[in-house]
Amino acid sequence: MKTTKYTAVVLAAGSGSRMKSNVKKQFMDMLGKPLIYYALKQFEESAVEEIILVTGEDAIDYCREEIIEAYGFTKVAQIVAGGKERYNSVYNALKVVKGEYVLIHDGARAFIDQDIIDRAMSGVEDYKACVIGMPVKDTIKVIDENGYAVSTPNRSTLWQVQTPQCFVTEEILTAYEKMMSSSQTGITDDAMVMEQYGCRKIKLLEGSYNNLKMTTPEDILVGEMILKNL
């Protein structure tokens, strides 16, 4: 039985190989604080009632002592060990979520803000399945196996998908259970799970172009510039 209304699942279990750093990207320093701090802080200050943090099994103690306790994050109810792929990590978290609605967020997106969280929370109540994103700015080409352009989709119909991705907890958990029992591969986000195994269409809600995912060393430099101007 669900005992709260909103739970945020914050994912911080990736290896971050594209960062080319010995430090996992979620723990890399950005203006004196670990990257994961910024997303956790926004959810801590929001109307979300509980946070589930997902990290590598070898980093659980570090997260508890050096991040959760060190910065006084009182809403983090559990720290869950992630899995091999992103979808494994999400599934591990969903099994312990208590909220009626769940907001699944990539911890490497440090610049989520209260407006985005509020829109996500309202949106999931209204639509039951919604994803934060933004219209693409660039022309997109579809290419063949040899790298030649074969078509140009209408840019007005294309969005770049961000997080949080928000669902009725029972519905997304059921969809994940179906996906995990299949041989499906190539799942890159939670919306794909709902689209292929769930019961809802996905509503796209506007986020922010600042809601970047920190992936490469250059992203950290851009992130520091954003922070300095907030």
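The model is predicted, so local features need pLDDT of at least 70 and side-chain atom pairs count only at pLDDT 80 or more, while totals for chains, interfaces and linings use all residues. Residues are numbered from 1 along each chain as its sequence is written, and side-chain values use heavy atoms, with hydrogens and water left out. Helices (H or I, at least four residues) and strands (E, at least two) are DSSP runs, numbered from the N terminus.

**The sheet**

- Seen from one side to the other, the open sheet of 7 strands reads β5-β4-β1-β6-β10-β7-β11, and its pairing is mixed; two strands pair if DSSP finds at least two bridges between them.
- The edges are β5 (76-81) and β11 (203-206), each of which pairs on one side only.
- On average, neighbouring strands of this sheet are turned by 25° against each other, direction ignored; axes are lines fitted to C-alpha atoms, for helices over the stretch in contact, and angles run from 0 to 180 degrees between N-to-C directions.
- Strand β6 pairs with β10 in the antiparallel sense over 4 bridges, whereas its pairing with β1 (residues 4-12) is parallel and has 7 bridges.
- Strand β7 (residues 129-135) and β11 run parallel over 4 bridges, and Val-131 faces Leu-204 in β11.

**Helices on the sheet**

- Helix α2 (residues 60-71) lies across β4 (50-55) and β5, at about 150° to β5.
- Helix α5 (residues 169-180) packs on the sheet and touches β6 (99-106) and β10 (159-168), its direction making about 110° with that of β10; contact here means heavy atoms within 4.5 Å.
- Helix α1 is mostly covered, as 9 of its 10 residues are buried, including Leu-35, Ile-36, Gln-42 and Glu-44.

**Aromatic rings**

- A search of the whole structure turns up 6 aromatic pairs; rings of Phe, Tyr and Trp (its six-membered ring) pair if their centres lie within 6.5 Å, with planes under 30 degrees apart counted as stacked, over 60 as edge-to-face and the rest as tilted.
- One of them joins Tyr-37 and Phe-73 in a tilted arrangement, 5.8 Å centre to centre and 45° between the planes.
- This pair links distant parts of the chain, 36 residues apart: Tyr-37 is in helix α1 (residues 35-44), and Phe-73 is in the loop between α2 and β5.
- Both Tyr-37 and Phe-73 are buried.
- Phe-73 also meets Tyr-71, with ring centres 6.2 Å apart and planes at 35°, so this pair is tilted.
- Tyr-71 is partly exposed at 31% relative accessible area, while Phe-73 counts as buried at 7%.
- Ring pairs connect Tyr-37, Tyr-38, Tyr-71 and Phe-73 into a cluster.

**Charges over rings**

- Lys-33 lies over the face of Tyr-37, 5.3 Å from the ring centre; a charge sits over a ring if NZ of Lys or CZ of Arg is within 6 Å of the ring centre and within 35 degrees of the ring normal.
- Lys-137 has its charged end over the ring of Tyr-209, at 4.1 Å from the centre.

**Cysteines**

- The whole structure has 0 disulfides; a disulfide is a pair of cysteine sulfur atoms within 2.5 Å.
- For Cys-199, the closest cysteine sulfur is 14 Å away, in Cys-130, too far for a bond.
- Cys-199 counts as exposed at 55% relative accessibility, whereas Cys-63 is buried, with a relative accessible area of 1%.

**Backbone details worth a look**

- The peptide bond from Thr-163 to Pro-164 is cis, with omega near 15°, and Pro-164 is found in strand β10.
- Leu-31 has a positive phi of about 55° although it is not a glycine; Leu-31 is in the loop between β2 (29-30) and β3 (33-34) and is partly exposed, with a relative accessible area of 37%.
- Lys-128, also not a glycine, has a positive phi near 75°; Lys-128 lies in the loop between α4 (114-127) and β7 and is partly exposed at 23% relative accessible area.

How values were computed
Buried < 20%, exposed > 50% of the residue type's maximum accessible area, 1.4 Å probe, protein only.
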